[in-house]
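Reader: I have a model open and would like to go through it with you. Can we take it piece by piece?
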Amino acid sequence: MKKENTVIVGLAVLAAVIAAMWLLLAAPALTGNHINMTRGVTPQSESNYDLHMTVLWICVGIGVLVYSTMFTSIVLHRKSRGHKAAQFSHSTRAEIIWTVIPVLILVGMALPATRALIKMEDPSGSDMTVKITGFQWRWKYEYPDQNIEFISSLDAASNAARQLNSGIDPTNVDNYLLNVDHPLVLPVGKKVKFLITAADVIHAWWVPALGWKKDAIPGFVNEAWTYIDEPGIYRGQCAELCGRDHGFMPIVVKAVTQDEFDAWTRRQLAANQEQQAETERQWTRDELMQHGKDVYTSECAGCHQADGKGLKPAFPALAGSKVVNGPLTDQVDIVMNGRAGTAMSAWRQKLSSTDIAAAVTYTRNVFGNHAGDAIQPSAIADIQRRSEPLGTAP
Amino acid sequence: MSDITYTDIEPLHEAHDEHDHKPKGFLNRWLFTTNHKDIGTLYLIFSLLMFLTGGAMAMVIRAELFMPGLQLVEPEFFNQMTTMHALVMVFGAVMPAWVGFANWMIPMMIGAPDMALPRMNNWSFWILPFAFAMLLSTLFMDSGGPAAGWTLYPPLVLQTGDSFAFVVFSVHMMGISSIMGSINIIATITNMRAPGMTLLRMPMFVWTWLITAFLLLAVMPVLAGAVTMLLTDHFFGTNFFNAAGGGDPVMFQHIFWFFGHPEVYIMILPAFGVISEILPTFARKPLFGYSSMVYATASIALLSFIVWAHHMFTVGMPLQGELFFMYATMLISVPTGVKVFNWVSTMWQGEMTFETPMLFAIAFVVLFTMGGFSGLMLAITAADFQYHDTYFVVAHFHYVLVPGAVFALMAATYYWLPKWTGNMYSEKWGKIHFWLSAIFVNVLFFPQHFLGLAGMPRRIPDYSPQFADFNMISSIGGFAFGVTQLIFVGVILHCVFRSKVKASGQVWEGARGLEWTLSSPPPYHSFSTPPVVTHNMVRHPRDTDAAV
């Protein structure tokens, strides 16, 4: 008798805890960001939040019915209480009822779900377009109408803190792992169409506050859209496993007023021109070496190590490497296009011509390597122009 | 039909009929065995070892996720752990465990002397240790284990080094083992039922396994095809999934999930069967709605072939496709609901006692239903654009697989262990194992719903500090759940080798069915002469039979 009671008390506590946890989720007063889906800042995120809550409440309702019946039965219908087993084994009427009623509930759910989906999948009538390309492990944003493009990577502070046993406390880093060097800037109150693709493997572009995610797939261009109501900074992450640094390619959307957006566009174009001039000019070897050291530290040292000794077996040493001490064009080819079947990816689209030229020049003249030569950013730019971008649809 | 078939095969067994002798010598007994009970034992030991191996990998994952920042492993190794954890648990722990139960129980439940194809049975098992030795050995190779997730999506998976070939061949071997196992089960059930064991008298566990075996036959070759195409893309320059060569990376996902969705039912349908055996036993009451349980299982199996793309709503399908897969997925909740309602009705007005198998069975119904609810939420395509690839999905499928499939496996172990060994397990330690498991599995997985909804993607080794609290709770639950499973191992070892309490043939007061008419432990060769089955010997008399 006593043992049976413990069972009941135990089961009841377990049930109460589980029910409380669901209710915690369902209670509107407690729907903070850290426990429930965000309401977000777009029509899609609003409608998804409403759908989510509707279905959640229906599930809670059905759950309360099923679980309370079960626990009533556990309390009343047990041997220790002297209850004798009934011997009924079916009831056609009951079975029809609990087939038909769920079907009706599902139809009730399917209607709003269908309406929301049809709206969500309609990118027509957009005011501007942004092309998003996923790389291992950064995002490239292109504004074809504004003639702007840039690469967005994990910010330096997060990148330093996220190294294995870095000794840096992530809680002291601003927006740890959710911050980038160059955010995607969008105007509020405009319907923005996104064209989403990838250059190497599949990624997924997701900002919860916008209400959806979409896969970025090499060879495919997916469409999506957004319409942001309020200015603000909205953060997200790549949502499809894309290799070693999948957890380290965040997305930051900075939504600004149209005026601020226009001003940002002008600044961006001016900066582009400056960069263009930098690429065209003749660099001295010292300049290249100095810049190359920075690029190497942030982009290459993760695998090839700061001392150029590599990390066996996957990441070969650059110190004394045949490639780095061989013909310049061979090394440039590997850096630009990657090496199939290894972790070495194609950097052609991920780094500027200046960065590539500097990094190549640097590696050829340190770690005891003495190729002694240098390559100019303009030469890399020529190669970049000649070759088609990878992975985009025809 | 069964009478004739039975007489046909009887002479083959004459040689074994006279005594209860087991083969002499360790190798003869275990390596060359063709006995369904021995092979069942081998499967179960193997799956328990794999369960502990996969669990150890889960511990690595939860340890790294204990707090923000990378403290223990490099991201690449973390990805290998998530990938291997899933492959080992799905193909090494849950599936072989169910085949082990099928081997032990199906012949005893339908009154057959053994499986229909005993030598193939030996081979289906002995392939597995080699397959998993190959798979696990990749962790020690230069290029490391597979790190692209158990779904093996290209192009990412094609970045695996040369060890990839070992992964593909091990999946081939697991597939061959599963296909042979299911052929054997189908042949046994269709041909070797004792006279009077009609289809609609079969125990639910036999029914669910029959349907599961057809699912396996249908989808394992599809998986084999998919991984073979990956193999040739990787090593022989084909472009099945390479967009730059005219291939289609999304096509892999369609093929994979055409296998993958039925696969989740392969893991859960036998669990449905076991629960449908255990609840009536401890409620001392017939299973409610036996025929509708059979039809619901069959409907779930059929529907499982037309819902696969709900795993890939975000790849950019046409609207019509998204709507179709949403509706079809929602529809699955109808037969699943019928099952849950029938289980609750089985308990209703019963005469329940709460031994360990019953506790696990009740926890299964409660917690599997929770996984069902989050599954229904995930079916809503638009909302899935938020849920997809987050910890909400991780919480969902772990609820259906751990307190779902794994709890059902534990319930089945406690239920039949006294029958197999002739000894009672320790009820006290069984209950301790149950309560710790039931509590910590929720501490482990429930907070993951919150993490996913709050925006934490799955398969990341490190996260923003806003996710720290629930990750720490989840990790604590994980460690405790992991340690608790050592109790399970202890209870089994104690029952097999040490327990002094003998089990009767009946074992459980409310148990019914042919397996309980045998002694505990059953003779090495049971039902050498087929029993003639009458309605009062089986758990599930046909509707037209007299009431029990």
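Reader: Leaving aside its neighbours within four places in sequence, which residues is F364(B) in contact with?
Author: F364(B) is in contact with A271(B), I275(B), P403(B), G404(B), F407(B), A408(B) and A411(B). Two residues are in contact if their C-beta atoms, placed from the backbone, lie within 7 Å. This is a predicted model, in which local features need pLDDT of at least 70 and side-chain atom pairs count only at pLDDT 80 or more, while totals for chains, interfaces and linings use all residues. Residues are numbered from 1 along each chain as its sequence is written, and chains are lettered from A and ligands numbered from 1 in the order in which they are written.

Reader: Which residues have the most contacts inside the largest nonpolar core?
Author: I275(B), F364(B) and A411(B) do, in a core of 258 residues. Apart from it lies another core, of 18 residues, with W283(A), C300(A), I356(A) and A359(A) among them. A nonpolar core is a set of buried Ala, Val, Leu, Ile, Met, Phe, Trp, Tyr and Cys residues joined through C-beta atoms within 7 Å. A residue is buried if 20 or more other C-beta atoms lie within 10 Å of its own, exposed if 12 or fewer, and partly exposed in between, with C-beta atoms placed from the backbone.

Reader: I356(A) sits in α9(A), then. Which residues of that helix are buried?
Author: S353(A), T354(A), D355(A), I356(A), A357(A), A358(A), A359(A), V360(A), T361(A), Y362(A), T363(A) and R364(A) are buried. That is 12 of the 12 residues of α9(A), so the helix is largely enclosed by the rest of the structure.

Reader: What do they pack against?
Author: The buried residues of α9(A) pack against α5, α6 (285-304), α7 (322-325), α8 (328-337) and α10 (377-386) of chain A. Helices (H or I, at least four residues) and strands (E, at least two) are DSSP runs, numbered from the N terminus.

Reader: Back to chain B. How many helices and strands does it have?
Author: Chain B has 16 helices and zero strands, whereas chain A has 10 helices and 10 strands. Of the 548 residues of chain B, 63% count as buried; in chain A, buried residues make up 39% of 394.

Reader: Why call chain B a match for a compact globule?
Author: With 548 residues, a compact globule would have a radius of gyration near 24 Å, and chain B has 23 Å, which agrees. The radius is taken over C-alpha atoms, and the globule rule is 2.2 Å times the number of residues to the power 0.38. The C-alpha atoms of chain B fill a box of roughly 65 × 50 × 50 Å along the principal axes.

Reader: And α16(B), what does its buried side pack against?
Author: The buried residues of α16(B) pack against α4 (36-64), α14 (391-421) and α15 (427-453) of chain B. Those buried residues include F470(B), F481(B), F488(B) and C495(B).

Reader: New topic, the interface. How many residues of chain B are in contact with chain A?
Author: 88 residues of chain B are in contact with 91 residues of chain A. On the chain B side, α11(B) gives the most, with 14 residues. By class, that side has 54 nonpolar, 24 polar and 10 charged residues. Ala, Val, Leu, Ile, Met, Phe, Trp, Tyr, Cys and Pro count as nonpolar, Asp, Glu, Lys and Arg as charged, and the others, Gly among them, as polar.

Reader: L177(A) has a positive phi. Is that residue buried or exposed?
Author: L177(A) counts as buried, because 26 C-beta neighbours lie inside 10 Å. Its phi is near 65 degrees.

Reader: Where does pLDDT stay under 50 in chain B?
Author: pLDDT stays under 50 over residues 1-18 and over residues 544-548. The mean pLDDT of chain B is 92, with 95% of its residues at 70 or more. pLDDT is the predictor's confidence in each residue, from 0 to 100. Where pLDDT is low, the predicted coordinates should not be read in detail.
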